[in-house]
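Colleague: I would like to go through this model feature by feature. Please give the general idea each time, and then the case at hand.

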Amino acid sequence: MCNICGDAQHDPAVSRRSFLRTGAAAALAPLIARAAMAADPPKPGAAPPPNAIKPADALKRLLDGNARYAANNPTERDFSSGRAARAQAQFPIASILSCSDSRVVPDLVFDQSPGDLFVMRVAGNIVTTDLLASIEYGAQFLGSPLIMVLGHSSCGAVDATIKVLKDKAVLPGHLPELVAAIKPAVIIAEKTQKGSLLDNATAENVRRQVARLKRSPPVVQKFYQDKKIDIVGGVYDIATGKITLI
Ligand SMILES: [Zn+2]
């Protein structure tokens, strides 16, 4: 007897298992369909997806968009047009691993439209297993030709790491895990004499995350080595709105 619905035939545990199976299958369906599509040779005469562009062209679109944003001259957009098409599929031109900082908004900073950017955000823009999985999904199943790790000026996560190292500050909760991931960048930056430690550590952290992605098997490393994607780093200046590639 089910103690939830009262049905003598109904075993809630079986029902839950069946729901989980159905739910998991439904969630994986687009992924599997896409994998099958990726494995199939393109049909003769079929139009390539709109994001089948060179990584360098994707980067140019991002930098051109950033120039428009920094000049306060963003593209006028009609958000309702294209909604029906976006409901069918997405074709992002770049995957962005950005800091969570509320002042850094990748879609605005690069002046791109819904569907253009596949964005991952975490304080300190560090590569974690979950984020790497998302980046892999973007590369393999969405065809995103470019990955950019985006740090920024006045980053609180990098600053907190400096305070932990220099002042022995003690942070609550799970923040020490975040600090541990950024710490190697600060230690390297401490050896640099020129510029501020915060700026140098921020840039170094971006470089380290880019390097980590380039050697992250099996998906990202292979796509990078096969030149299907490029992986770059940038730092966003909150004061000017401009991004500098590093
Ligand atoms: Zn930050």
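Colleague: How are α7 and α8 oriented to each other: roughly parallel, roughly perpendicular or oblique?

Modeller: Two packed helices are described by the angle between their axes and the distance between the axes. Helices α7 (residues 175-189) and α8 (residues 197-214) pack at about 125°, and their axes are 8 Å apart. They are therefore oblique to each other. Angles under 35 degrees count as roughly parallel, over 145 as roughly antiparallel, 65 to 115 as roughly perpendicular and the rest as oblique. The axes are lines fitted to C-alpha atoms, for helices over the stretch in contact, and the angles run from 0 to 180 degrees between N-to-C directions. Helices (H or I, at least four residues) and strands (E, at least two) are DSSP runs, numbered from the N terminus.

Colleague: What kind of model is it, and how are residues numbered?

Modeller: This is a predicted model, in which local features need pLDDT of at least 70 and side-chain atom pairs count only at pLDDT 80 or more, while totals for chains, interfaces and linings use all residues. Residues are numbered from 1 along each chain as its sequence is written, and side-chain values use heavy atoms, with hydrogens and water left out.

Colleague: What is the handedness of the α7 and α8 crossing, and which residues meet there?

Modeller: From α7, Ala181, Ile182, Pro184, Ala185, Val186, Ile188 and Ala189 meet Leu197, Asn200, Ala201, Glu204, Asn205, Arg208 and Gln209 of α8. Contact means heavy atoms within 4.5 Å. By class, this contact of α7 with α8 has 9 nonpolar, 3 polar and 2 charged residues (Ala, Val, Leu, Ile, Met, Phe, Trp, Tyr, Cys and Pro count as nonpolar, Asp, Glu, Lys and Arg as charged, and the others, Gly among them, as polar).

Colleague: At what angle do α6 and α7 cross?

Modeller: Helix α6 (residues 156-167) and α7 cross at roughly 80°, and their axes come within 9 Å. That makes α6 roughly perpendicular to α7. On the α6 side the contact is made by Ala157, Val158, Thr161, Ile162, Val164 and Leu165, and on the α7 side by Leu178, Val179, Ile182, Lys183, Val186 and Ile187. The residues of this contact divide into 10 nonpolar, 1 polar and 1 charged.

Colleague: Which residues are the protein donors of the zinc ion?

Modeller: Donors are N, O and S atoms within 2.8 Å of the metal (3.2 Å for Na, K and Ca); water is not among the atoms, so sites may look incomplete. Here the protein donors are Cys99 (SG), His152 (NE2) and Cys155 (SG), at 2.1 to 2.3 Å from the zinc ion. Their spacing along the chain is C-x52-H-x2-C. Cys99 is in the loop between β1 (94-98) and α4 (106-109) and His152 is in strand β3 (residues 146-152), so the pair ties together parts that are 53 residues apart in sequence. Both Cys99 and His152 are buried (under 20% relative accessible area; exposed is over 50%, and partly exposed in between, with a 1.4 Å probe and protein chains only).

Colleague: What does Ile238 contact beyond its sequence neighbours?

Modeller: Leaving aside neighbours within four places in sequence, Ile238 is in contact with Arg103, His152 and Ser153. Ile238 sits in the loop between β4 (230-236) and β5 (243-245) and, at 24% relative accessibility, counts as partly exposed.

Colleague: Which backbone values deserve a look?

Modeller: Most residues other than glycine have a negative phi, and most peptide bonds are trans. Asn72 is not a glycine, yet has a positive phi of about 55°. Asn72 lies in the loop between α2 (55-70) and α3 (83-88) and is exposed, with a relative accessible area of 67%. Asp111 has a positive phi near 50°; Asp111 is in the loop between α4 and β2 (117-121) and is buried at 5% relative accessibility. The peptide bond from Pro217 to Pro218 is cis, with omega near 0°, and Pro218 is found in the loop between α8 and α9 (219-225).

Colleague: How many helices and strands does the protein chain have?

Modeller: The protein chain has 9 helices and 5 strands. Of its 246 residues, 34% count as buried.
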